[in-house]
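I opened my notebook to record what I looked up in this structure. The entries follow in the order I made them.

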Amino acid sequence: MIESKLLVDKYIDQICIIADQRKFVSALIIPVYSLLEEYAREHQIPFETREQLCADPKIIAMMKERIDTLQQQLAHYEQIKRFTLLPQNFTMERGELTNTLKIKRRVLNQNYAREIDAMYAE
């Protein structure tokens with residue numbers, strides 16, 4: 001439900017909510033890179049790679065503001081507290097998507113364990 005609420009945002013291409021056996025909700029987000037790059041150029045945010053773009057504090061702040069707006073109707077415990085912008089799409093080649101393009105959460109939890117653990121580090 002949270003994923004479908006956030007996928008309406010024009011800057012979000014793919015999203016995977018992480019909450020199972022965790023103390024709060026977090027998310028792995030694949031932005032729409034073309035729009036994000038355009039936003040960065042319009043706001044004079046320098047970048048050379050998608051990694052730099054996804055790690056830029058101004059980009060993260062803009063995405064947080066958009067996410068907070070979209071989840072206002074959700075209960076506090078359902079809201080995303082932290083998220084990570086990823087520089088590449090989820091793919092079938094890495095086993096992250098089924099042939100019907102559904103997310104394989106178990107595989108994402110393995111492939112992005114470091115990023116997920118970083119969101120829950122105090």
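**Ground rules.** I took helices (H or I, at least four residues) and strands (E, at least two) as DSSP runs, numbered from the N terminus. The model is predicted, so I noted that local features need pLDDT of at least 70 and side-chain atom pairs count only at pLDDT 80 or more, while totals for chains, interfaces and linings use all residues. Residues are numbered from 1 along each chain as its sequence is written, and side-chain values use heavy atoms, with hydrogens and water left out.

**Entry: the end of α2.** I looked at what comes after α2 and found glutamine 44, with a positive phi near 50°. Glutamine 44 is a residue other than glycine. I placed glutamine 44 in the loop between α2 and α3. Is glutamine 44 buried or exposed? I use buried for under 20% relative accessible area, exposed for over 50%, and partly exposed for in between (1.4 Å probe, protein chains only). Glutamine 44 is exposed, because its relative accessible area is 63%.

Entry: Glutamine 21 sits in the loop between β1 and β2. Its relative accessible area is 79%, so I logged glutamine 21 as exposed.

Entry: I listed the buried residues of α2 as Tyr33, Leu36, Tyr39 and Ala40. They cover an arc of only 125° around the axis, so they sit on the same side of α2. The arc is that of the directions from the helix axis to the C-beta atoms. On the other side of α2, I found Arg41 and Glu42 exposed. What do the buried residues of α2 pack against? They pack against β2, α3 and α4; contact here means heavy atoms within 4.5 Å.

**Entry: the core.** The core has 37 residues, and Leu28, Ile29, Ile59, Met63, Ile80 and Phe90 touch the most other members. I checked leucine 28 in detail. Leaving out residues up to four places away in sequence, leucine 28 touches, among others, Cys16, Phe90, Tyr112, Ile116 and Met119.

**Entry: rings.** I counted three aromatic pairs. Rings of Phe, Tyr and Trp (its six-membered ring) pair if their centres lie within 6.5 Å; planes under 30 degrees apart count as stacked, over 60 as edge-to-face and the rest as tilted. Phenylalanine 90 and tyrosine 112 form an edge-to-face pair, 6.0 Å centre to centre with 65° between the planes. This pair links distant parts of the chain, 22 residues apart: phenylalanine 90 is in the loop between β3 and α5, and tyrosine 112 in the loop between α5 and α6. Both phenylalanine 90 and tyrosine 112 are buried.

**Entry: charges over rings.** I count a charge over a ring if NZ of Lys or CZ of Arg is within 6 Å of the ring centre and within 35 degrees of the ring normal. Arginine 22 lies over the face of tyrosine 120, at 4.6 Å from the ring centre. Arginine 50 lies over the face of tyrosine 33, at 3.7 Å from the ring centre.

**Entry: cysteines.** How many disulfides does the structure hold? I found zero disulfides, taking one as a pair of cysteine sulfur atoms within 2.5 Å. The sulfur of cysteine 16 is 16 Å from the closest cysteine sulfur, in cysteine 54, which is too far for a bond. Cysteine 16 is buried, at 0% relative accessibility. Cysteine 54 is buried too, with a relative accessible area of 6%.

**Entry: a buried glutamine.** I ended at glutamine 71, in the loop between α4 (57-70) and β3 (80-85). At 2% relative accessibility, glutamine 71 counts as buried. Apart from neighbours within four places in sequence, glutamine 71 is in contact with Gln79 and Ile80.

Notes
Core = buried A, V, L, I, M, F, W, Y, C linked by side-chain atoms within 4.5 Å.
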